[in-house]
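Work through the exercises below with the structure in view. Each task is followed by its solution in steps.

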Amino acid sequence: MDDRFDSLTELVKGHRVIIQTHDFPDPDAIATACGLHELLKWRGIDSQICYYGRIEKTNTKMAAGILDIPIYNADELTDVTADDYVITVDGQKDNSNFTDLKGTEVACIDHHPYVTTYRYNFLKHRIVGACASLITEWIMENEMPVSTELATLLLYGIKMDTRNFSAGVTHCDIKAFDFLIEKADMSQIHRLENSSLDLSDLRAYGAAIENIAIYDSVGFANIPFECPDGLIAAVSEFILSLASVRVSIVYANRSGGLKFSVRSESSRINAGRLLHNALKDIGNGGGHATMAGGIVYPEFLRQFNDRHQRETIIRNRLMQAYRVMMEDE
Ligand SMILES: [Mn+2]
């Protein structure tokens, strides 16, 4: 299948087009969706952007406001029918973070490991640092004029998903950076980068710091209340910044289950595989080599009355999976 932008426009022309990001979108998902919206508009194709969940973090909300494009909560789009064409961005249909929208998924633009068995009519998929880099590639190939605002948003999305060009960076991301850096408003990016914490976020950091435990080079921390995915991930990054921690595992309550965020700076530990192996049968998990997410199902947790007992079992499973991977090399 060819992944040229022209092929996508051929496919969607004459249909109502909806761009769906993953649930609880992050800056990369927002940037990708807005970039695609602008590309389509440039070719005379109208589209609407939507997501399920919420836009949770302050900096993501700020990013979503950079361009004057409405971004809908999917619940607001009550008139979607099966005839409408959906393009999923920064994720794939049937991913656990992709609530099904009523329309027909015809195309996917994504940079995560390809796991869905769903057959799209069109696919632009490569493992690169950020999905926004794939959109920037299309902008460059098609020589679309780029506004300062769009360049700023795309570059911010790429910086966020590559942890400032330090994780999962590919040639594609570097080329996007090279193209966007001259066009973006760097002072606005600086402002976004320094608006990542809400006062309420500090509660989660505080709770995690209270109970952090380190085994070998694995740092565990629990946030003992419900909190947004992005915040769990941010706390996980924070724990990883400890010199003695090479793999951080942070988890929080999630509708009766436990939500996990894992970060790895060890070349021997693939975070996605670690979570996948450890949570088999009791939940599910997966993701990239350096960052991963997962969940332990409420059904598993309900077998135990004692919170510490169940958490010990889960930590042991994770440490077991960790040791197996360390010995594998
Ligand atoms: Mn992404």
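Predicted model: local features only at pLDDT ≥ 70, side-chain atom pairs only at ≥ 80, totals over all residues.

**Exercise 1: strands and crossovers**

Solution. Step 2: Strand E3 covers residues 71-73, and its pairing with E2 is parallel, over three bridges. Within this pairing, tyrosine 51 has asparagine 73 in E3 as its bridge partner.

Step 1: Turn to strand E1 (residues 17-21), which pairs with E2 in the parallel sense over four bridges. Here valine 17 is opposite serine 47 of E2. The chain goes from E1 to E2 by way of helix H2 (residues 27-42), in a right-handed β-α-β crossover.

Step 2: Check how covered E2 is. Of the five residues in this strand (47-51), four are buried, so E2 is mostly covered.

**Exercise 2: helix H9**

Task: Compare the span of H9 with the expected one, and find what its buried residues pack against.

Solution. Step 1: H9 runs over residues 229-240, which is 12 residues. From first C-alpha to last it reaches 17 Å, close to the 16 Å expected at 1.5 Å a residue.

Step 1: Count burial, taking a residue as buried if 20 or more other C-beta atoms lie within 10 Å of its own. The buried residues of H9 include Asp229, Leu231, Phe238 and Leu240. Because 11 of the 12 residues are buried, H9 is largely enclosed by the rest of the structure.

Step 2: Name the neighbours. The buried residues of H9 pack against helix H8 (201-211) and against strands E8 (218-226), E9 (247-254), E10 (257-264) and E12 (291-296).

How values were computed:
Residues numbered from 1 in each chain as written. Helix = DSSP H or I, 4+ residues; strand = E, 2+ residues; numbered from the N terminus. Expected span 1.5 Å × (residues − 1). Contact = placed C-beta atoms within 7 Å. Pairing = 2+ DSSP bridges. Right-handed = clockwise from strand over helix to strand, strands pointing away.
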